[in-house]
Amino acid sequence: MISHRTVMANAARAVCDSAEVRAYCLANFGRGLAVHVGAYGDAVPGVKQAPFFWLTPVEENDAVNADETFTVRMVLGGCVKGPNGERVINNVVQERTETENGLTINGGNAIVEDLRDMIIPIIRNAKAGARISAIRREENDISHFPLEWAVIFVEYFEPESLT
């Protein structure tokens, strides 16, 4: 049986090795993605570590062993930068005028959520050592400028071996 830490490390390695993720992070955050498995000794990742992808196990209980499942919380955080290096709060898609409606979209959250959605198939195809039984996305639409984040919960299934 493979350890949960190894499953998390294998999933993290797949994300870390993605050229698509690296290019997206350079274009939208100004630097590569910092991938971390497990808790920090002194603090959780924040603005200084962004963009980051942080994998931690969801607290387990006796039911986890009975169900042969465990869940990993994957938090993606980033400080979105515009084309001139400015921090992005929102994107005005259509300017409001006296006679026309306007449309503004929270630019930071959209960029981070797009990266999260890019990472999900990487996690799904990572062959981390346990089968995925469910993936749940958690939306975060309230801006926490400058750090925006999105969360993925991945439930892994470890059937007991027949041998």
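How are α2 and α4 oriented to each other, roughly parallel or roughly antiparallel? The two helices pack at an angle of about 175°, and since angles over 145 degrees count as roughly antiparallel, α2 and α4 are roughly antiparallel to each other. The legends below go through this predicted model one close-up at a time.

**View 1. Helix α2 packs along α4 with the two axes 11 Å apart.** On the α2 side, the contact is made by Glu-20, Val-21, Tyr-24, Cys-25, Asn-28 and Phe-29. Facing them from α4 are Ile-111, Val-112, Asp-114, Leu-115, Met-118, Ile-119 and Ile-122.

**View 2. Helix α1 also packs on α4, here with axes 9 Å apart and an angle of about 130°.** That angle makes α1 and α4 oblique to each other, and their crossing is right-handed. Ala-11, Ala-14 and Val-15 are what α1 brings to the contact, and α4 answers with Ile-119, Ile-122 and Ile-123.

**View 3. The largest nonpolar core of the model has 31 residues.** If you want to find your way around it, start with the residues that have the most contacts inside this core: Phe-53, Met-74, Leu-115, Ile-119, Ile-123 and Tyr-156. Helices α1 (4–16), α2 (19–29) and α4 (107–124) and strands β2 (52–57), β3 and β7 each supply at least two residues of this core. The largest share, eight residues, comes from α4.

**View 4. Met-74 is one of the residues with the most contacts inside the largest core.** Leaving aside its neighbours within four places in sequence, Met-74 is in contact with Ala-11, Ile-123 and Tyr-156, along with Phe-53, Trp-54 and Leu-55. Its contacts also include Ala-150, Val-151, Ile-152 and Val-154.

**View 5. Phe-70 and Tyr-156 form the one aromatic pair counted in the model.** The ring centres are 5.3 Å apart and the planes sit at 20°; planes under 30 degrees apart count as stacked, so this pair is stacked. It links distant parts of the chain, with Phe-70 in strand β3 (residues 69–78) and Tyr-156 in strand β7 (residues 148–157), 86 residues apart. Both Phe-70 and Tyr-156 are buried.

**View 6. A closer look at Phe-70, which lies in strand β3.** Why does Phe-70 count as buried? Its relative accessibility is 2%, and the cut-off for buried is under 20%. The C-alpha atoms of Phe-70 and Val-154 are separated by 8.4 Å, although these residues are 84 apart along the chain.

**View 7. A cis peptide bond joins Ala-50 and Pro-51.** Omega is about 0° here, and Pro-51 has its place in the loop between β1 (34–37) and β2. For background, most peptide bonds are trans.

**View 8. Lys-127 has a positive phi, near 50°, in a residue other than glycine.** Most residues other than glycine have a negative phi. Where does Lys-127 sit? Its place is in the loop between α4 and β6 (131–138). Lys-127 is exposed, with a relative accessible area of 77%.

Key: Residues numbered from 1 in each chain as written. Predicted model: local features only at pLDDT ≥ 70, side-chain atom pairs only at ≥ 80, totals over all residues. Heavy atoms only, no water. Phe/Tyr/Trp six-rings, centres within 6.5 Å; stacked < 30°, edge-to-face > 60°. Helix = DSSP H or I, 4+ residues; strand = E, 2+ residues; numbered from the N terminus. Buried < 20%, exposed > 50% of the residue type's maximum accessible area, 1.4 Å probe, protein only. Core = buried A, V, L, I, M, F, W, Y, C linked by side-chain atoms within 4.5 Å. Contact = heavy atoms within 4.5 Å. Axes fitted to C-alpha atoms, helices over the stretch in contact; angles between N-to-C directions. Parallel < 35°, antiparallel > 145°, perpendicular 65-115°, else oblique. Left-handed = near helix turned anticlockwise from the far one by under 90°.
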